[in-house]
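Subject: Structure handover

Hello,

Here is the structure for you to take over. My notes on it follow below.

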Amino acid sequence: MVHTTCAVRDCKSSSRINKDLRFHQIPHTEERCKSWLKVIGRPNLVGRTFKSIKNTYICSLHFEKSMYGKKLLKKTSIPTLFLPTNDSIHTQTDPKVKILSDVILELSDKRHVLIPKIARRDHELVGSSSQNSEHTNTKKYIGIDFSSQTPARLTDFTPRKSKLRKQLFKISKKLKCTAKKYEDVTAEQFLNGCDKFLSPKLSAIVKAQIYLKLHCKNNRYSREFKLFCLNMYYTSPLAYRFLSKTICLPSKSTLAKMYLPMQTKVNQQMWDVLSATIKHMSSSEKECVLCMDEMSLKLNLSYNSKEDKILGLHEVDGQQQPVAAGYAFTLMLRGITSKWKQPIGFSFISSSKIDDQLKTWIIATVKRLLELGFNIRAFVSDLGSDFLAFSKTLGISKESSCFEIGGHNIYYIFDVPHLMKCVRNNLINYNFEFDGKTTRWEDITNMYELGKMKDMRSAPRLTDSHLQPNSFQKQKVRFAVQVFSNSVVAALKNYQSSGTLQVDDGTIFFIEIMNSLFDLLNSSNIDSPKAYSKPYRSTTLQEELLDKSQRLFNSMRVKNKKNGRDVTNIIKFINAFNITINSFRQLYQDMKSEGYDYLLTRRINNDCLENFFGLVRQAGGNCREPSCIQYTRAFRKMFLCQILNLSDATNCTEDFDSILAQFVEFAKNTPQTQVSIQDPPQTQPKENLTNMYDIPEKNAFHYICGYLLRRCVESHKRDCLSIISYASSYDDESNEKNLYIRLRAYDTSRDRFGGLQVPPDDFVDYIHSLETELMSIFTFTGNIGFKLFEHLRLIEFNTKPCACFPINYLLNLFIRMRIFYIIKFNNRNFSLLLNLKTENICQLLIYNS
């Protein structure tokens with residue numbers, strides 16, 4: 001490997017020894033090359049060609065830091081540090097003396113003359129190969145004076161260097177003594193020193209770095225450290241990213257995965273987070289709309305041990321009902337004048353219906369948001385039957401599109417993209433008649449069939465998915481919007497004017513109106529070249545279009561294609577468009593009176609919720625119907641991610657640590673609902689186990705009891721001989737109740753039951769009494785584990801083998817096992833009934849073990 005040495009006179013830097021230094025080649029330009037050679041003490045190389053001195057390098061010790069850009073030297077850089085003095089530079093006036101190093105090398109090769117080290121080093125820096133030397137054949141040498149070449153070794157013992165050498169020796173000796181003094185410091189002493197001499201937060205950072213260095217990388221961040229980092233990120237994202245380059249900090253995605261308690265009841269901790277966020281928002285940023293929508297869920301139950309409740313039940317505002325949930329109802333805020341969105345809350349409902357309980361929760365949530373400072377201007381929802389019924393309960397109609405909550409006027413707006421899908425779906429099945437004109441779907445399909453086989457098509461975006469959509473394609477907005485586009489209008493007019501196709505004027509007029517209306521109610525660009533795609537400012541052109549659209553909807557009659565029956569009364573989008581247009585008009589007038597110049601209408605739709613539902617499905621492995629627990633996890637991540645994104649816009653001055661600390665404290669100690677414990681209800685005399693189960697069931701029950709007993713033995717004190725003898729006291733192979741245990745044994749070389757536990761009869765009777773009591777008091781709602789434990793602990797185990805028998809451990813294990821068993825078979829029942837398309841699919845059952 002070739003090593004590089006520094007060409008500065010008396011500099012001994014080498015890439016072989018000084019691997020941390022950088023070496024810069026001599027400049028290509030003649031002027032810079034000449035100035036470099038002079039300052040480094042190499043005037044003998046001035047005037048040579050670059051090819052002959054291209055191996056000349058200068059180390060980074062001779063350049064100031066200001067001479068560097070990001071990585072490379074600046075073009076105006078020149079060596080200024082640690083350069084030879086003028087007295088030590090051997091200047092030569094005779095141009096023939098410029099090849100001194102070559103002459104020395106030639107003399108040393110031919111005459112075996114002892115050459116000083118400095119002369120050889122000078123030649124190596126310039127380049128010793130014959131191909132780099134242009135004057136090796138010179139036969140006459142003039143002005144050679146070997147006495148002027150002072151060896152570098154003669155300066156090693158000057159008074160200055162001797163003094164520095166002594167100082168260096170003393171410092172190194174002192175350093176060794178100090179290192180020996182503290183080499184026996186333990187990790188515990190160091191950590192105690194951090195608590196003593198550092199501030200609490202700085203001490204936490206140092207301890208976390210030590211822990212990360214000594215332990216594995218998986219799950220390496222503690223909850224407290226992630227809480228501290230979350231507060232740091234919220235305070236200043238830029239500072240957090242800067243510190244993450246120096247110390248080991250969790251990434252933004254890791255912070256977003258922190259467990260924060262998310263329930264259908266919006267707790268005080270979440271309100272505090274939203275309150276801290278809105279304090280740093282301007283008045284215009286607080287302008288927002290409330291988006292509402294529901295998502296279909298998979299019928300699935302799961303037990304959350306941290307909160308001691310079953311997830312997957314109908315649950316609104318923290319109140320559960322013993323019915324499986326099939327939908328997730330979600331609320332989300334979206335900014336009108338600025339780009340932000342924030343999930344607020346959700347509820348699990350069993351049917352697609354907004355009942356009084358859900359309506360009360362929505363109104364209460366809106367009132368709390370208004371109190372925090374959010375200026376909610378409108379409700380946005382799709383055209384589902386439940387939302388239509390909900391709007392009617394609020395007093396929404398074509399004549400009045402506004403209602404009041406807490407003294408604030410709020411408008412109701414139906415999602416415009418969803419309205420466009422409804423128009424397309426109804427046009428496929430019905431004809432629209434207005435002002436003596438008719439709009440027919442067949443005009444569009446005939447035009448498409450005529451042109452789809454041609455190389456040059458008039459409506460190139462149309463495909464079979466647009467004209468013959470399946471159930472999935474009907475949910476795509478673009479397939480509906482592209483049908484009502486300007487290119488389709490132009491194609492229809494082209495075929496009509498040429499006489500190739502008979503097209504009703506009503507079809508062309510209706511598509512023109514819908515195209516312009518969608519552009520106006522979906523504007524997003526301030527400088528859009530289209531007339532109707534500009535922001536809504538209530539201009540004359542925009543108002544004329546809205547008036548024309550409302551006249552069309554008011555005069556429209558929808559008729560069945562087969563029998564011509566009028567079905568206008570069952571068509572939803574007509575009244576919804578009238579309500580939406582009135583709401584946009586009145587909303588703009590209200591905002592204009594407060595100083596807002598325009599309204600970007602695209603920010604007032606449900607796209608944010610549709611995108612959120614898409615993220616939930618992706619989080620479940622691209623599952624179209626995620627379970628309740630999958631939805632809860634996705635909502636938690638989305639809530640925290642949006643809080644972190646909002647903090648990117650500004651550096652918050654308020655300490656966020658106290659608010660987030662409540663989250664972690666809430667997660668550690670989830671408040672339990674206080675249940676009034678009463679004496680167990682009087683039940684009928686318990687049946688004997690022999691009469692209650694048949695032989696296969698008795699065998700399976702004995703196997704379960706043996707498993708419970710074995711776990712109790714494993715968790716008990718190992719030196720307790722009483723429980724060991726109790727567990728091994730019964731091993732009757734002839735008993736038919738132990739047949740299943742014997743058949744389940746894999747290895748019978750040790751004993752007859754292959755190491756499986758055979759339970760004594762008194763232990764089996766005790767478990768049977770627990771099972772009977774559990775079946776009589778089990779409910780799906782509330783803190784089921786807490787309630788079951790309080791009831792079952794009243795049942796005494798009179799034949800305990802010892803006083804320290806783990807009875808609480810046994811009860812907890814039995815309760816968890818039974819809850820899991822009931823949930824498992826209910827989920828299996830959901831799948832079976834779903835395939836059979838049976839009614840009352842959400843009904844819950846309690847299964848015996």
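Leaving aside neighbours within four places in sequence, Ser401 is in contact with Ile396, Ile410, Tyr411, Tyr412, Ile579, Asn582, Ser583 and Gln586. One of these partners is also a polar one: the side chains of Ser401 and Ser583 are joined by a polar contact of 3.2 Å. Ser401 lies in the loop between α13 (385–393) and β11 (402–405). With a relative accessibility of 2%, Ser401 counts as buried.

Please keep in mind that this is a predicted model. The mean pLDDT of the protein chain is 77. Of its residues, 76% reach 70 or more. Two stretches need care. Over residues 90–148 the pLDDT stays under 50, and the model has 78 contacts beyond four places in sequence for them. Residues 751–755 are also below 50. That stretch has 15 contacts in the model beyond near neighbours in sequence.

Overall figures

The protein chain has 849 residues, and 45% of them count as buried. It holds 31 helices and 15 strands. Take the contacts between residues at least 6 apart in sequence: 71% of them join residues at least 24 apart. The chain exposes about 45,800 Å². Carbon and sulfur atoms supply 51% of that area.

Nonpolar cores

In soluble globular proteins, nonpolar side chains tend to be buried together. Here the largest nonpolar core has 122 residues. Phe329, Ile376, Phe379, Tyr412, Phe573, Phe577 and Tyr631 touch the most other members. Helix α21 (residues 573–593) gives the largest share of this core, ten residues. Apart from it lies another core, of 40 residues, with Leu301, Ile310, Phe763 and Phe814 among them.

What does Tyr631 touch, not counting residues up to four places away in sequence? The list is Met295, Leu297, Ala328, Thr330, Phe346, Phe348, Phe612, Phe613 and Val616.

Thr580 sits in helix α21. Its relative accessible area is 0%, so Thr580 is buried. Residues up to four places away aside, Thr580 touches Ile413, Phe414, Val416 and Leu419.

Asn606

Asn606 is placed in the loop between α21 and α22 (607–619). At 1% relative accessibility, Asn606 counts as buried. Beyond four places in sequence, Asn606 touches Cys291, Met292, Asp293, Val380, Ser381, Asp382 and Asp415. Asn606 and Asp293 are 313 residues apart in sequence, yet 7.9 Å apart in space, C-alpha to C-alpha. The side chain of Asn606 also reaches the backbone oxygen of Met292, at 3.1 Å.

Helix α19 (505–520) has 16 residues. From its first C-alpha to its last, α19 reaches 23 Å, close to the 22 Å expected at 1.5 Å a residue. Why is α19 said to be largely enclosed by the rest of the structure? Because 13 of its 16 residues are buried. Asp504 caps the N-terminal end of α19. A side-chain oxygen of Asp504 lies 2.8 Å from the backbone nitrogen of Gly506.

Helix α11 (residues 268–278) is mostly covered too, with eight of its eleven residues buried. Those buried residues are Gln269, Met270, Trp271, Val273, Leu274, Ala276, Thr277 and Ile278.

Positive phi

Most residues other than glycine have a negative phi. Two residues to check against that:

- Asp435 has a phi near 50°, a positive value in a residue other than glycine. Asp435 lies in the loop between β13 (430–434) and β14 (437–439). At 62% relative accessibility, over the 50% cut-off, Asp435 counts as exposed.
- Ser538 has a positive phi of about 60°, although it is not a glycine. Ser538 is found in the loop between α19 and α20 (540–555). Its relative accessible area is 24%, so Ser538 is partly exposed.

Over to you.

Best wishes

Conventions. Residues numbered from 1 in each chain as written. Predicted model: local features only at pLDDT ≥ 70, side-chain atom pairs only at ≥ 80, totals over all residues. Heavy atoms only, no water. Core = buried A, V, L, I, M, F, W, Y, C linked by side-chain atoms within 4.5 Å. Buried < 20%, exposed > 50% of the residue type's maximum accessible area, 1.4 Å probe, protein only. Helix = DSSP H or I, 4+ residues; strand = E, 2+ residues; numbered from the N terminus. Contact = heavy atoms within 4.5 Å. Expected span 1.5 Å × (residues − 1). Polar contact = N/O pair within 3.5 Å; in protein donor to acceptor, adjacent residues only side chain to side chain. pLDDT = per-residue confidence, 0-100. Areas by Shrake-Rupley, 256 points an atom, 1.4 Å probe, with all protein chains shown as cover.
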